[in-house]
Amino acid sequence: MSNNNGVEQNPQLNNETVISINGLKKMYKLYNKPSDRLLDAFGLKKNSYKEHYALNGIDLEIKKGETIGFIGTNGSGKSTILKIITGVLNPTAGNVEVNGRISALLELGAGFNQEYNGIENIYLNGTMMGFTRKEIDKRMDDILSFADIGDYIYQPVKTYSSGMFVRLAFAVAINIDPEILIVDEALSVGDVFFQSKCYHKFEEFKAMGKTILFVSHDLSSIAKYCDRVVVLNKGDKLAEGTPKDMIDLYKQVLVGQFAHEKDTSIADLSDVGAEASEALEYGSKDAVIKEFYITDSKGLRSNSLIKGSEFTIHMQVEFVNDVKQPIFAFAIKDVKGTEITGTNTMFEKAFLEDVSKGETIDVSFTQNIDLQGGEYLLSLGVTGYNLDTFVVYHRLYDVLNISVISDKNTVGFYDTNSRIEVSRK
């Protein structure tokens with residue numbers, strides 16, 4: 001089932017609130033020197049610190065069965081909010097109410113005793129989570145099978161590689177039957193096979209109606225697995241909404257093109273989604289994409305393409321100011337917002353020249369459309385570098401729909417066009 005934005009809806013979602021966050025703040029005192037901290041502790045020196053709010057008045061409701069993604073730049077407050085939800089940190093102000101058993105992977109190895117072996121740490125962690133030894137015994141085979149670290153399970157964990165460590169930590173976290181699973185970038189350590197196993201477990205959890213809170217810099221995973229995404233920036237909640245809209249907004253934040261007024265109310269989810277959907281372009285406008293279209297294999301303008309045929313993306317760019325070595329780019333995404341493919345003139349080493357004010361540049365990208373049949377979205381951009389600073393001159397998100405017509409779809413996003421030979425002996 002999907003909504004009007006084409007985002008898959010989790011059939012296990014309901015209206016039961018499992019996490020309620022109201023006015024959440026977390027303030028840290030920043031001292032100029034260690035002695036100021038000591039003097040402040042004894043009340044001997046006032047105003048010896050600066051207040052830094054890692055979270056500044058966050059409101060959020062999370063429903064049972066939702067998979068919620070948190071995205072934002074480093075220092076935005078993503079890990080802080082998860083630590084407060086799990087009870088690792090106490091808030092400075094506001095409150096968090098949690099209804100359900102939490103299992104968290106925040107800091108790898110937190111709660112592990114480096115001198116204990118794997119088995120001993122399983123019992124240690126299980127006990128800390130409130131399980132009896134008998135209950136842990138029932139889950140032991142599943143934990144060992146998922147971790148799959150062989151005889152290392154009997155060795156002290158201080159001898160483990162980072163990959164073994166995350167395998168064991170994740171195996172314990174997901175096999176103690178949590179109602180709420182919280183994961184903070186933990187999967188980036190495991191190898192590709194282990195990551196695949198973990199994501200498969202995510203899908204099992206979603207199907208079972210579990211709630212998942214997920215922090216990752218992997219935007220493709222955010223787009224694929226999350227029902228809703230929250231964008232944080234410098235302790236503020238910028239917005240929440242569909243993965244596609246929030247990822248587009250986050251990309252504006254990354255290049256300094258999102259103007260956020262702190263006092264602006266964005267609590268209404270429908271308003272936020274509408275605001276993000278309308279924000280389809282941004283940039284300094286030193287260069288402006290004035291025209292864009294697609295032509296098919298016959299050179300005719302068309303957004304409907306036959307799978308396997310050649311097509312061309314055209315864009316005409318006017319330069320308002322002098323620009324050194326502009327980069328022209330396109331990206332194709334699915335309806336969830338996952339970037340599937342794309343390229344630019346820098347990657348292709350196709351145009352490395354300066355452009356003067358008043359010039360108009362026509363750019364075309366020609367290739368075969370080997371994507372599976374379905375609906376896709378095209379984004380365009382003109383960017384570059386001013387000294388060492390990356391600059392977006394003009395970026396257009398999801399400006400054209402591409403319909404790929406196919407009578408043969410294969411597995412995944414694109415067709416490898418395999419040549420098959422079968423012979424009988």
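Mentor: Start with K285, which sits in the loop between β10 (281–282) and β11 (287–295). Helices (H or I, at least four residues) and strands (E, at least two) are DSSP runs, numbered from the N terminus. This is a predicted model, where local features need pLDDT of at least 70, side-chain atom pairs count only at pLDDT 80 or more, and totals for chains, interfaces and linings use all residues. Residues are numbered from 1 along each chain as its sequence is written, and side-chain values use heavy atoms, with hydrogens and water left out.

Trainee: Why is K285 called partly exposed?

Mentor: Buried means under 20% relative accessible area, exposed over 50%, and partly exposed in between (1.4 Å probe, protein chains only). The relative accessible area of K285 is 34%, so K285 is partly exposed. K285 also has a positive phi of about 65 degrees, although it is not a glycine.

Trainee: What makes L387 exposed?

Mentor: Its relative accessible area of 77% is over the exposed cut-off, so L387 is called exposed. L387 lies in the loop between β17 (374–386) and β18 (389–405). Though not a glycine, L387 has a positive phi of about 60 degrees.

Trainee: How do you know that β3 pairs with β7?

Mentor: Two strands pair if DSSP finds at least two bridges between them. β3 (residues 67–71) and β7 (residues 211–215) are joined by 4 bridges, so they pair, and they run parallel. G69 has F214 as its bridge partner in β7.

Trainee: What makes β3 mostly covered?

Mentor: In β3, 5 of its 5 residues are buried.
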